[in-house]
Amino acid sequence: MTRGERVVAFIERFCRVPEGMLLGRPVRLLDFQKRFILDIYDNPNGTSRAYLSIARKNSKTSTIAMMALAHIVGPEAFQNSRIVSGAQSRKQAAEVYNYAAKIVMMSPELRGIVKLIPSQKTLVGLPMNVEYQAIAAEAKGAHGGSPIVAILDEVGQVRGPRDAFIDAIETAQGAYEGKALLIAISTQAATDADLFSIWLDDAAQNRDPHIVSHVYTAPKECDLLDRAAWAAANPALGVFRSLSDVEEAAERAVRMPTSENTFRWLYLNQRIEASSPFVSAGVWASCNAAPEPLDGVPVYGGLDLSSARDLTALVLIGNIDGAWHVHPTFWLPGEGLAEKSRADRVPYDLWAQQGFLQTAPGRAIEYEYVAEYMRGVFDSHDIRKIAFDRWGWKNLRPWLSKAGFDEATLDEHFVEFGQGYQSMSPALRDLETDLLNGNIAHGDHPVLKMCAANAVVQSDPAGNRKLAKDKSSGRIDGMTALTMARGVGGSDTQETYDLLSMIA
């Protein structure tokens, strides 16, 4: 038999179902589990990393436990080695250990050769002296050692592109150069900028022969009641995965739109924020056409001033042939950018290298720097209105004057824009209409995309809405600036200005 076939045979011969309707029966792996195992161990190039992304309740925990046992006392056991399964929480880590321990206790063959240490969530394979431990990101003292195999559970819960817990595991595996294996099994992460998304996208785009990646997800924008979409994301549907449970959840999501994102994430394994953002990922992606230059058209803007160390955003828009073309600019202090990336869990440093983020000199954004940039914007565009939040304006205005703006220009072109329901609700309505109708061209700017994914709205009893920073999952400054720009843009269209020009 091949290595993969030996692992499959070990699981199906020695592992018994430890709970549920099939309690005590020999495990029979489903096709998707067998394919994953065979692709890992029979890879002619050797496998260093393997990813399996599936919707919830598709035997994820049991798959992790059985693969771990194959390395503890099965055909993949390596003398005196260490195996870990890692999860973000103690509870999740304990579930993997408990499932593996139950399998051992149910198997007459395994009971005599595996030592259980419940207090440490540890199994010891006696024949080859292999130690397995379930560890959690919360338990900082359990991160030592050099695991030859690390199986990561629910990596999709990690927000941002980095995680200290996973970094420690990856670094520790360096002791087994050429033999180390990292396996990640999880539902999708919320956004493209999150760690598991970055891993999956890298595997899909670069096709590294040493990486095995199996992703089960429903088609984007599929109908919530589409059974084929359910099956695409749930390879265990009708076996381990309850069909009636998925039916009930889908019907609830149709009745209650606020449940749609949760259903798409957990049941359809789509990359989408579980909370309800202002704009869905699908709608935002539908408006990713490259924006045209704003030469010769009336330009409106929104300026979201930050504290000295936070993200500052300027978004300019112009209406060309009925669509708003969006040109955002973002600033962060140049010093401490890497620390800011880790704190916010987004790749500011990479975006700066790619030209999507401007870095102001020093450890703070000086208003003088922003004012000089605004002078250049006014010199190169037909600026009609720039909306700003009153916070910070009294400090920016003197620097604008110093940059060459006279008082008449400041009063005529800079408009105070409230952040409450009265100002924000009409602007959000117009922006939402444009997005739904495809009348926005934002070019898929990654920083603005991050802000759009994070933006959550808050409603008052009358149904008016505003962007809620305190309820959002991350920075939304770019969406605030875009909303303000759309607010002062009003019902402006290119056709209107062409007509006025003809009349003049």
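Glu 19 is partly exposed, since its relative accessibility is 38%. Buried means under 20% relative accessible area, exposed means over 50%, and partly exposed is in between (1.4 Å probe, protein chains only). The model is predicted, so local features need pLDDT of at least 70 and side-chain atom pairs count only at pLDDT 80 or more, while totals for chains, interfaces and linings use all residues. Residues are numbered from 1 along each chain as its sequence is written, and side-chain values use heavy atoms, with hydrogens and water left out.

The side chain of Glu 19 forms a salt bridge with that of Lys 102, at 3.1 Å from N to O. A salt bridge here is a side-chain nitrogen of Lys or Arg within 4 Å of a carboxyl oxygen of Asp or Glu. Glu 19 lies in the loop between helix H1 (3-14) and helix H2 (31-41) and Lys 102 lies in helix H4 (residues 90-106), so the pair ties together parts that are 83 residues apart in sequence. Helices (H or I, at least four residues) and strands (E, at least two) are DSSP runs, numbered from the N terminus. Lys 102 is also partly exposed, at 38%.

The count of salt bridges comes to 26. Another of them joins Arg 475 and Asp 310, at 3.4 Å from N to O. Arg 475 is in the loop between strand E17 (465-467) and helix H19 (477-489), and Asp 310 is in the loop between E9 and E10, so this pair ties together parts 165 residues apart in sequence. Lys 449 and Asp 444 form a salt bridge with their closest N and O atoms 3.8 Å apart. Through shared partners, salt bridges join Asp 192, Asp 201, Arg 271, Asp 444 and Lys 449 into one network.

Next comes strand E10. Nine of the nine residues of E10 (residues 312-320) are buried, so the strand is largely enclosed by the rest of the structure. In a regular strand the side chains alternate between the two faces of the sheet. In E10 both faces are covered: Thr 312, Leu 314, Leu 316, Gly 318 and Ile 320 are buried on one side, and Ala 313, Val 315, Ile 317 and Asn 319 on the other. E10 pairs with strand E9 (residues 298-304) in the antiparallel sense over six bridges; two strands pair if DSSP finds at least two bridges between them. Nine bridges join E10 to strand E11 (residues 323-333), also antiparallel. The hairpin of E10 and E11 has two residues between the strands, and Asp 321 in this hairpin takes a positive phi near 55°.

The aromatic residues come last. Rings of Phe, Tyr and Trp (its six-membered ring) pair if their centres lie within 6.5 Å; planes under 30 degrees apart count as stacked, over 60 as edge-to-face and the rest as tilted. There are 13 aromatic pairs by this rule. Tyr 51 and Trp 199 are stacked, at 5.5 Å centre to centre and 15° between the planes. This pair links distant parts of the chain, with Tyr 51 in strand E1 (residues 49-53) and Trp 199 in helix H7 (residues 195-206), 148 residues apart. Both Tyr 51 and Trp 199 are buried. Tyr 348 and Trp 351 have ring centres 6.0 Å apart and planes at 75°, so they are edge-to-face. Both lie in helix H13 (residues 348-354), three residues apart, about one turn of the helix.
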